[in-house]
Amino acid sequence: MYNLGVAASQAGDSARVKAWRPAVRGVAEVFHAHFTDHVYPLHAHESWTLLIVDYGAVHYDLDRHAYDAPTEVVTLLPPYVPHNGQSATPHGFRKRVLYLDEDLLGDDLIGTAVDTPVFADPLLRRGIDHTHHALQHPGDELEAESLLALTVDRIRRHLLRTDPVPQRADAPDPATAHLLRDLLNARVVEGLSLGQAAAVLQRHPTHLVRAFRREFGMPPHQYLTSRRVDQARGLLLSGMPVAEAAVGSGFYDQAHLTRHFKRILGANPGGFKRTAGVGRAAEPPRV
């Protein structure tokens with residue numbers, strides 16, 4: 001269940017935080033915060049802390065070594081290792097954090113993460129930013145799960161000191177891509193998680209995303225969304241109210257449908273529905 005669980009204000013405008021637990025496997029919590037003068041004491045988490053800073057910079061200590069987290073880098077703090085934190089500027093900082101389940105990266109990478117908690121990787125940072133945006137919209141879990149899988153894979157490659165851009169994983173696999181499309185077509189309304197698809201097709205989630213995008217030119221979540229918009233279009237033309245058409249085509253709610261409908265078709269569903277019937281041939285007169 002998607003839950004915007006916590007929204008709090010502390011000490012007036014000096015601290016603003018929002019946290020929630022999304023319905024995406026592997027994400028224990030999403031945390032957005034803007035702090036001016038808060039100082040974190042030494043503390044530890046049972047999850048991986050994946051941090052990006054949108055404004056200002058954070059200074060912190062990890063394993064008795066000092067680091068800075070400015071806006072252009074990605075910071076990964078491993079579970080169970082104490083760290084602290086405070087603003088590195090007089091104007092505070094704004095950050096977004098994903099707390100990831102411990103097993104998503106594995107205990108074997110904790111030591112390496114302690115030694116190298118900072119990644120200067122613009123593509124990785126952009127992927128995390130897109131993941132946060134997807135996590136803010138109920139109904140876009142497949143997109144968030146796909147982005148997260150690619151993000152975790154890229155982080156693992158950094159920690160293992162391999163090429164962060166996997167070449168072999170991008171090799172064509174049209175058979176798997178078509179099988180995944182069949183699964184999505186069969187579950188347009190019900191939806192399908194990436195984990196479920198991986199279990200059915202016996203393929204790694206990141207391989208599914210890359211194989212599908214290579215074969216069809218779009219990621220799986222974009223394909224599913226387009227199919228749902230198409231289904232909603234038919235329901236609206238049949239006269240169904242917008243809210244019912246949204247649920248009937250697999251969207252979370254009317255707002256979710258409206259956002260994607262307008263993005264794809266250039267019109268909102270209400271306006272589209274009002275045009276239904278315009279241009280039809282006139283019915284013959286009754287006799």
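Predicted model: local features only at pLDDT ≥ 70, side-chain atom pairs only at ≥ 80, totals over all residues.
Histidine 83 sits in strand S9 (residues 83-87), where helices (H or I, at least four residues) and strands (E, at least two) are DSSP runs numbered from the N terminus. Residues are numbered from 1 along each chain as its sequence is written, and side-chain values use heavy atoms, with hydrogens and water left out. The protein chain comes to 10 helices and 11 strands.

**The chain as a whole**

- Of the 287 residues in the protein chain, 45% are buried; buried means under 20% relative accessible area, exposed means over 50%, and partly exposed lies in between (1.4 Å probe, protein chains only).
- Among contacts with a separation of 6 or more, 67% come from residues 24 or more positions apart, a contact being heavy atoms within 4.5 Å.

**Histidine 83 and its surroundings**

- Histidine 83 counts as buried, at 4% relative accessibility.
- Leaving aside residues up to four places away in sequence, histidine 83 touches Pro41, Leu42, His43, Ala44, His45, Asp61, Leu62 and Leu77.
- Histidine 83 and aspartate 61 are 22 residues apart in sequence, while their C-alpha atoms are 5.4 Å apart in space.

**The four-stranded sheet**

- Four strands form an open sheet in the order S4-S9-S6-S7, with antiparallel pairing; two strands pair if DSSP finds at least two bridges between them.
- Strand S4 (39-43) and strand S7 (65-69) are at the edges with a single partner strand each, so one side of each has no neighbour in the sheet.
- On average, neighbouring strands of this sheet are turned by 20° against each other, direction ignored; the axes are lines fitted to C-alpha atoms, for helices over the stretch in contact, and angles run from 0 to 180 degrees between N-to-C directions.
- Five bridges join strand S6 (residues 58-62) to S7 in the antiparallel sense.
- Leucine 62 has histidine 65 of S7 as its bridge partner.
- As background, strands of a sheet pair through backbone hydrogen bonds, either parallel or antiparallel.

**Salt bridges**

- The structure holds eight salt bridges, each defined as a side-chain nitrogen of Lys or Arg within 4 Å of a carboxyl oxygen of Asp or Glu.
- One of them joins arginine 96 to aspartate 54, with the closest N and O atoms 2.7 Å apart.
- Arginine 96 lies in strand S10 (residues 93-100) and aspartate 54 in strand S5 (residues 48-55), so this pair ties together parts that are 42 residues apart in sequence.
- Arginine 96 is buried, with a relative accessible area of 9%, whereas aspartate 54 is partly exposed at 27%.
- A network of salt bridges links Asp54, Arg96, Arg125 and Asp129.
- Aspartate 121 forms a salt bridge with arginine 154, and their closest N and O atoms are 2.7 Å apart.
- Because aspartate 121 lies in the loop between strand S11 (118-119) and helix H2 (122-135), and arginine 154 in helix H3 (residues 141-159), the pair ties together parts that are 33 residues apart in sequence.
- Both aspartate 121 and arginine 154 are buried.
- Aspartate 140 pairs with arginine 259 in another salt bridge, the closest N and O atoms being 2.6 Å apart.
- This pair links distant parts of the chain, with aspartate 140 in the loop between H2 and H3 and arginine 259 in helix H9 (residues 254-265), 119 residues apart.
- Aspartate 140 counts as buried at 6% relative accessibility, while arginine 259 is partly exposed with a relative accessible area of 32%.

**Histidine 221**

- Helix H7 (residues 220-237) is the place of histidine 221, which counts as buried at 15% relative accessibility.
- Histidine 221 touches Leu142, Glu143 and Ser146, not counting residues up to four places away in sequence.

**The second largest pocket**

- The second largest pocket holds about 350 Å³ of space; a pocket is an open set of points on a 1 Å grid over the protein atoms alone, where a 1.4 Å probe fits, with protein on both sides within 12 Å along at least five of seven lines.
- Grid points are joined across faces, edges and corners, and the volume is the space filled by probe spheres set on the points.
- Its lining has 14 residues (each with an atom within 4 Å of a point), and Arg25, Leu104, Ala149, His204 and Pro205 lie nearest the centre.
- H3, helix H5 (194-201) and helix H6 (205-216) are the elements giving two or more residues to this lining, and H3 gives the most, with six residues.
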